[in-house]
Amino acid sequence: MKKKYWKSLEYLKEQGPVKDLVPAQWVPDNGDQGGLTSDRRDFLKMLGFSFGFAALASACEQPVRKAIPYLAQPEELIPGKAVHYASTFFDGEEYSPVVVKVRDGRPIKIEGNELSFLTHGGTSARVQASVLSLYDMARLKDPLLNGAVTDWDSIDLEITQQLSRLSMAGSRIVILTSSVISPSARQVMDDFRQRYPGTEIMFYDPISYSAIREANRSTFGTDAIPSLHFDRAEVILGVNADFLGTWLLPVQFALQYAGTRDLNGGRKTLSRHYQYESTLSLTGSNADYRYSIRPSQEAAFLSDLHAILSGTAAPDRGYWPGMAQLVHDLTEHRGKALVVSGTNDIHIQTAVNAINLLLQNYGHTIDMNCSCHLFRGSDADFSGLIRDMNEGRIGALICHHVNPAYDCPDPAGFIAGLKNLKLSVAIGTAMDETTSLMQFVCPDHHYLESWGDAEPVTGHHSLCQPAIRPLFRTRQAQDSFLRWSGSEVKYYDFLRSFWERHYFPLQTEYTVFGTFWDETVRKGIFEIKPETGAQPPADPVWMEEALAILKQKNPSAPPEKGLELILYQKVGIGTGRHANNPWLQELPDPITKAVWDNYLLVSPVWAAEQGLENGYMVRIDGEKELPVMLQPGQPYGTAAVAVGYGRTSAGKVGNDIGLNVYPWVEWKDGLRIYSGKMIRVEPTGNHYPLATTQTHHSMEGRPLVRETVLEKYLEDPASGNELHALNEEKAVTLYTKPVYDGFHWGLSVDLNRCIGCSACVIACQAENNVAVIGKEQVLKRRIMHWLRIDRYYSTIVPDRQGPEDFGNLEPENPDVVHQPVMCQHCDNAPCENVCPVAATPHSNEGLNMMTYNRCIGTRYCMNNCPYRVRRFNWFQYANNDKFDYYTNDELGKLVLNPDVTVRSRGVVEKCSFCSQRIQEIKLEAKKDGRVPADGEIVPACVQACPTKALTFGDRNDKQSVVAGHFEDPRSYHLLEELHTLSSVAFLTRVRNRQAGEEEHHDHHES
């Protein structure tokens, strides 16, 4: 049986639209001409005058470009040459050590810091997009007092006087802050607390991980999130934990995970990944075995798993799909397995602890000695804060980079409590829903304007340094706390002194602190790898109590009325903190491929019973309305919707997009619960357009994704890729085979390492000035991204053992493959010989180039490209009020890369393999009298990838990594039967499954 790949339910049903995708062109009406009697001669006269006047006008109205030279040029600055600064990205939720590229004083690109043992240079989509937020016009520009602009001296005087009065009166002062991973910043807050007795520091996270900490405190006596080592795990079980997308440290986990899926360098083993989840996540889409469960079934599943592993229950208990094989694999890999859950339930997290203890994973894949310092919020503390605010027990509240008026479950209660405060202060970067309600607004620096440090996990330290002077009258939060504490010390001096006392004595390489400091700032990283601890002692009484509670939660049948709701984060928008970033709004979701919206994901089977289709509006619990999207892999009887939308005070880009669903978060046992709420859904009869990119690029039934299983691969490394040799044999062409005497650039994509996270998409957009076009244009299939990630489903023939609701009903539980697609830079490029003006020539290094000032927009090249990777500028996207995202104001334009032309209307554009980077390194090597080293030239997509799935290099250098990938038995090219001689090689996907199981797959291609 052949695999049948499909991109959408419409294509699966063979009901995909077969429409002309070219917009209708304006055609003059041949009817009444309204009394006009002009003949052809008059028309040509007027046409000639029009061209003449247009040329004269353009000649007389050239814009004045001002350039101001340096009076005393800094030694390290050369106009036109980039400078790089090591720094740290942390937004309260996600951490990444970075390197900032600065051109002529402007940060324009974020890269990962390869010196970090956590990420090794990897980043995420949000990290890549963070440079754009520096130039956001919605940023706070001045300190405010009751909504009016004031100065910092007045702010400081008022706040210190009120703080002193409240402290002397014994009133409680609360600093409500996002999780602080900066050791020096925590010391600053501690000094503030000493200055004002009665001050409490309370951490708050929009998405709570409080249950993990509470379960560890009850089990091991340690209030911590342990370090997880996916790179040491041979069997991985994830239960509602999207650890490759949004859970805890996804960039670090993705790198570790990809290392266990790598077959390069002679490796012959893969980790085996099981995923049980309530909505199809990025992590679930990469699993070897994925099974759908409802939120109400998770407790029973984990309880049964523990009972079977401990020998107190039979292996077939519960009839869970895949349970017998899962138990076998976990048992056979004690100490080399890892079980995680993303559910914020203390009993579920305790069950996970108990299972990992049974499997002897602590001290191996789980390290309690090396803890994660992110997500330190306590649900109990925050719940008590709202209660105390409304009862008048809080005197002052200082909100530091938090927005509970938007993202807490009880915004009305929080807002009502603010009215009882004597002092309210907001420290942040934007006028969000919470900041707009505060008396004092103290604008903080952007992280690219700031000094700081970070310790995300024990032993890993990084520094943050400014890459640009502050753009506005902002002040770093730590400077504000120091000033209010009565200190005249600047935070930079405090930070330097703190490191001299705490970290300089821990190293032996440098004897002078100044040298140590300068070198650490340059590297951005200072690491002390702690030793892995042994398995910690556990409290058996507590674990028995928690497991007993779980045993009472038997799996129930699907609800007859209503749906179980799951709230999740998207890889791009996340919690909503970056909702005003247009790059992230227009980033296709890795699973749904939708942009600019959130929506209610439902099971296709359930939707068919209700008569619902994509875009149908439904009313939820008789109040809120959302459009429906049919999602393969969504369990029957459930629905899922993304948080982070429905902002009302984000900025011109992020306001009024989608629905805010944080009020649907429930409180249970003192914890915020994001899944399991029962909702009623009823159709409204209306339809809402959902902009998706998943049906833009059909490949018309040709083999694109190639897969096999590990057992077959070990027998034959070319397994699953038999067509490649056949296509090479049958290749016939009238063209002369191209010969490249110098370089021949190529790119390889390892489908085993690619997880579909989309960091490469945003990196390409930032590097190459790719325009944001908005939802309306996406609906017209005009997305501009040079690099896309195609997502293919493959259908599994169901195994109907066990209860009906646990079966894998087509297309309820499909396999998923992610495939990055960019310009293939074909040596026999079909696009090149159809251009009437030779705007797309071929270079002598194998690059398919675009000459923008020659392009006249015939789009013949687009029609002749079988890969659909060329983009057309239907409009002038810059300086156009209809596309007011960031290129309409001078501040937003500062993010543009001066090495890449901003394309104008009527021009075709596409991936260039970042030719500007190729030229830069070639010139540097030429000056040094050498050849560029393998791996020295790194396109933006390759550099951003957290899993190292992309490799770039010279194919003529037979010792290069990319040349080896092209010769790998797993290597193939897209549509190679066309003999386009692509310069992009894909390595066949290998799943760690039993060989016979692959025969049960019926795959569909869109």
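Which residue forms a salt bridge with Arg473? I looked it up and found Asp142, with the closest N and O atoms 2.9 Å apart. By salt bridge I mean a side-chain nitrogen of Lys or Arg within 4 Å of a carboxyl oxygen of Asp or Glu.

Before going on, I noted that this is a predicted model, where local features need pLDDT of at least 70, side-chain atom pairs count only at pLDDT 80 or more, and totals for chains, interfaces and linings use all residues. Residues are numbered from 1 along each chain as its sequence is written, and side-chain values use heavy atoms, with hydrogens and water left out.

**Entry 1: salt bridges**

I got 44 salt bridges for the structure. The Arg473 and Asp142 pair links distant parts of the chain, 331 residues apart. Arg473 sits in the loop between strand E19 (460-464) and helix H14 (477-484), while Asp142 is in the loop between helix H3 (125-134) and strand E5 (144-145). My helices (H or I, at least four residues) and strands (E, at least two) are DSSP runs, numbered from the N terminus.

Then I checked burial, where buried means under 20% relative accessible area, exposed over 50%, and partly exposed in between (1.4 Å probe, protein chains only). Arg473 is partly exposed at 36%, and Asp142 is partly exposed at 23%.

Next I looked at Lys652 and Asp889, whose side chains meet in a salt bridge at 3.7 Å, N to O. This pair also links distant parts of the chain, 237 residues apart. Lys652 is partly exposed at 46%, whereas Asp889 is buried at 15%.

How far apart are the closest N and O atoms of Glu845 and Lys922? I read 2.5 Å for that salt bridge. Glu845 lies in the loop between strand E35 (815-821) and helix H24 (860-864), and Lys922 in helix H25 (residues 915-927), 77 residues apart. Glu845 is buried at 12%, and Lys922 is buried at 19%. I also noted one network, in which salt bridges that share partners join Arg172, Glu200, Arg387, Asp388, Glu391 and Arg393.

**Entry 2: cores**

I define a nonpolar core as a set of buried Ala, Val, Leu, Ile, Met, Phe, Trp, Tyr and Cys residues joined through side-chain atoms within 4.5 Å. The largest one has 102 residues, and Trp247 and Leu600 have the most contacts inside it. Helix H8 (residues 298-309) gives the largest share of this core, eight residues. A second, separate core has 101 residues, including Val98 and Leu891.

I listed contacts (heavy atoms within 4.5 Å). Beyond its neighbours within four places in sequence, Trp247 touches residues including Tyr209, Leu228, Phe253 and Val340.

**Entry 3: Ser278**

Is Ser278 buried or exposed? I found Ser278 buried, at 1% relative accessibility. Ser278 is in the loop between strand E11 (272-277) and strand E12 (289-292). Not counting residues up to four places away in sequence, Ser278 touches Asn240, Arg294 and Gln634, among others.

**Entry 4: a sheet**

I traced an open sheet of seven strands with mixed pairing, in the order E29-E21-E26-E23-E25-E24-E30. Two strands pair if DSSP finds at least two bridges between them. Strands E29 (675-679) and E30 (681-687) are at the edges with a single partner strand each, so one side of each lacks a neighbour in the sheet. Strand E23 (residues 600-602) pairs with E26 in the antiparallel sense over two bridges, and Val602 stands opposite Ala639 in E26.
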